[in-house]
Amino acid sequence: MVEVVAIKRRSRIDISAEILDAAMSGANKTQIVYNANLNFSIAKKYLEMLEKKELIRKEGDRYVTTEKGKTFHDLAMILKL
């Protein structure tokens, strides 16, 4: 018997929230890629978008979630329930 496994696609909000979660206490791009289960090219696009919207900021080679980003993350987690 073959077991069928459904693949659930993540929304842009889910992916953004996972990136923000990974960067709460600061993380480099590699840590974000692994924690959010992304590839580097997708992570780059999301990080650029999140920076533009001031949800994350770059400090040297690390990304840190801003206060605005923490609020977004918290709301996204509530909506996920």
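**Note on the predicted model**

1. An unreviewed UniProt entry annotates residues 9–74 as "domain: ArnR1-like winged helix-turn-helix".

2. Confidence: the protein has a mean pLDDT of 93, with 100% of its residues at 70 or more.

3. Helix 1 (residues 12–22) contains serine 16. Serine 16 counts as buried because its relative accessibility is 4%, under the 20% cut-off. Beyond the neighbours within four places in sequence, the contacts of serine 16 are Tyr46, Met49, Leu50 and Phe72.

4. Which residues of helix 2 (residues 29–36) are buried? Ile32, Val33 and Ala36 are. These residues lie on the same side of helix 2, because the arc they cover around the axis is only 100°. Tyr34 and Asn35, on the other side of helix 2, are exposed.

5. What covers the buried residues of helix 2? The cover includes helix 1, strand 1 (27–28), helix 3 (40–52) and strand 3.

6. The ends of helix 2 can be taken together. At its start, the backbone nitrogen of threonine 30 has a side-chain oxygen of asparagine 28 within 3.1 Å. After helix 2 comes asparagine 37, with a positive phi near 55°.

Notes. Residues numbered from 1 in each chain as written. Predicted model: local features only at pLDDT ≥ 70, side-chain atom pairs only at ≥ 80, totals over all residues. Heavy atoms only, no water. UniProt positions renumbered as here; feature names shortened; annotations may be inferred. pLDDT = per-residue confidence, 0-100. Helix = DSSP H or I, 4+ residues; strand = E, 2+ residues; numbered from the N terminus. Buried < 20%, exposed > 50% of the residue type's maximum accessible area, 1.4 Å probe, protein only. Contact = heavy atoms within 4.5 Å. Arc of directions from axis to C-beta. Polar contact = N/O pair within 3.5 Å; in protein donor to acceptor, adjacent residues only side chain to side chain.
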